[in-house]
Amino acid sequence: MALTPKAFGVLRYLVEHAGRLVTQDELLEELWPAIYVNPGVVRKYILEIRRALGDRPDALMFIETLPKRGYQFVAPVIDESAAGTSSAAGTNRILGREPQLAELCLYLSRAQRSERQIVFITGELGIGKTALGDEFQRRARVDAPGIRIACGQCVEGYGGTEPYYAVLEALGQLCRGSEGESVVRILAQQAPAWLAQFPLLVNGKQGEPLQRQILGATRERMLREIGDVMETITSERPLLLVLENLHWAEPSTVDFISAMARRRASAKFMLTATYRTTDVRLAKHPLEAVKQDLLVHQLCHETALQPLQEVDVAEYLDIELKGATVPEGLAGLIYRRTEGNPLFIVAFLKHMQDRGLIAVENGSWQITSLKKVDREVPENLRRMIELRIEGLSEQEQQVLEMASLEGVGRFRFSVFSRAPIIDLEPEAFEEICETLYRRHRIIIPAGSAEFPDGSVSPCYEFVHALYRQVCSQRIAPQRRAQLHRRMGEWAEVHWEHLDESATVMAIHFEEAGDWPRAVKYLRLAAQTAGRRFEPQQAADILKHALELVKRLPEEEGAEYQITILEELAGIYIAWIRKATGS
Ligand SMILES: Nc1ncnc2c1ncn2[C@@H]1O[C@H](COP(=O)(O)OP(=O)(O)O)[C@@H](O)[C@H]1O
Ligand SMILES: [Mg+2]
């Protein structure tokens, strides 16, 4: 289970003192010795742990709150190491991927010996790239004690145009993780241009010299700095950097990977990067050429995932149907129809259950008839997902629609920020989310988000981007516009530092048809791109703003146009100066 290091620390302390009350002060003293932290953070971590363990407020099984006094771990605790059973690698949660896992573990052992490793995990949509990466992370934690793991996601569409978005997301995790302060210190020493991307981490004192230090920085310097930082961070403890969905990566993220692969210095550094083969090929994405070149020079590996085999499907059914006798011929049928694509297999089984085509009777699984299954289950995965969603209650569908829109947390959505948009109480919204998670497995819990007023909201995300797409495409254009407007307006009131989410805010107001506000946030987004030394991307964003300005009434439009053209000119001039060294 994924837990942030501090949350894990809290859980560990509670488990080690199971059965007795642990006060908030005790936790603060033990886990944050010698520094002052806002007591509210303890609550935040408890919430995160409860979500990870599946503790529900109405039926707590693990951690009990003793109001105003503290917390107590109430579940029975068994020490497996003392009992002589090893839980080292744990049981496998995925099937048919042992060779790939062994390969990844081999690369990890080289990374531990300071040979940097760049690994692309590739394959079609739903083939199991993320699942393999997750399982590998679990093993890495066991095989390489002390390893740090940081993940960043590339996102689709216009929201994915922010330079280095995924890299910064991962870096942000390192800065906030255990020993995060030392990472921030290293950034301050070796990578001021990167530290400047985290206004929240830079306190007032550092701010000004920092601005001076990064004057005259360039994109080459950005790449050099981050390379230095990664080598310093990984001189002792290994680091596994996970970058997901690179088929949506913007150019600077690809440059980052290429630069990391080509550096010579030794580092306990491993990068796994996933992407969809077909999408990259069709879009003529620069990634393909970069990977080929790295492969030729033996600077990277590729783990290309193939479909699962029929035996894997049979084993999957065995596990999912809890050891009951699996109806004859079912594995073969599912294998033929899904061509061994795991995402399709999972949805196929869920669909059969939803439709009552397969059900428990007298303690064993019964299937209506294979012929009927063959006839009634749709041919393609997208259609199957549509049908699954159509079968949900109206309110569940509404929550999913709401959840599918890109917001300030990108594709991770918080209950507090989405519930008011469709006039639901947060508790009601969360309850529906829980059903969509537990019963339907369409969304899954994804940590929590803290709002400027100190409140902490649970978050969820879709099990797979395809589910999000299907939900999003079901929304009628007018309703989409209305929802985006409300989301934008809600964010303006409730979030701080909106300039950090400028791209997303621009999407809200553009979708809402509110051109002046869309333009405002596009200009902010261009500034951010400029701060990351990506003139090309900054210029593209401003050009997009110019397109929107055309839709404004003439006089108002003309004024905006001049401002944006001036900003665009500023970018070009700086760009030319840098290119000519003048
Ligand atoms: N080897 C596997 N065994 C069992 N289930 C798998 C396996 N690989 C993937 N899955 C399941 O299939 C679904 C899609 O996998 P995912 O890793 O998200 O695909 P993608 O390649 O698009 O990242 C997930 O629900 C995942 O749990
Ligand atoms: Mg994936």
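Predicted model: local features only at pLDDT ≥ 70, side-chain atom pairs only at ≥ 80, totals over all residues.
Student: Which domains is the protein divided into?
Tutor: There are domain 1 (5-73), domain 2 (103-304), domain 3 (310-388) and domain 4 (499-582). The bounds come from an automatic or database domain assignment. The centres of domain 1 and domain 3, taken over C-alpha atoms, are 41 Å apart.

Student: Which residues come nearest to ligand 1?
Tutor: G128, K129, T130, A131 and P342 do, out of 18 residues around the ligand. A residue counts as near if its C-beta atom, placed from the backbone, lies within 6 Å of the molecule.

Student: Which elements give two or more residues to that shell?
Tutor: Those are α5 (129-143) and α16 (342-354). Helices (H or I, at least four residues) and strands (E, at least two) are DSSP runs numbered from the N terminus.

Student: And which domains does the shell draw on?
Tutor: At least three residues come from each of domain 2 and domain 3. By class, the shell has ten nonpolar, six polar and two charged residues. Here Ala, Val, Leu, Ile, Met, Phe, Trp, Tyr, Cys and Pro are nonpolar, Asp, Glu, Lys and Arg are charged, and the others, Gly among them, are polar.

Student: Changing topic: at what angle do α23 and α24 pack?
Tutor: Helix α23 (residues 477-494) meets helix α24 (residues 502-511) at about 140 degrees, with axes 7 Å apart. Axes are lines fitted to C-alpha atoms, for helices over the stretch in contact, and angles run from 0 to 180 degrees between N-to-C directions. The two helices are therefore oblique to each other; angles under 35 degrees count as roughly parallel, over 145 as roughly antiparallel, 65 to 115 as roughly perpendicular and the rest as oblique.

Student: Which residues make the contact?
Tutor: Among them are R480, H484 and M487 of α23 and M505, H508 and F509 of α24. Contact requires C-beta atoms, placed from the backbone, within 7 Å. The contact residues comprise five nonpolar, three polar and two charged.

Student: How do α26 and α27 cross?
Tutor: The axes of helix α26 (residues 535-549) and α27 come within 10 Å and cross at roughly 165 degrees, which makes α26 roughly antiparallel to α27. Their contact includes L542 and L546 of α26 and I564 and L568 of α27. By class, this contact has 13 nonpolar, two polar and one charged residues.

Student: Is α25 parallel or antiparallel to α27?
Tutor: The axes of helix α25 (residues 515-531) and helix α27 (residues 554-580) cross at roughly 5 degrees and come within 12 Å, so α25 is roughly parallel to α27.

Terms used
Residues numbered from 1 in each chain as written. Chains lettered and ligands numbered in written order. Contact = placed C-beta atoms within 7 Å.
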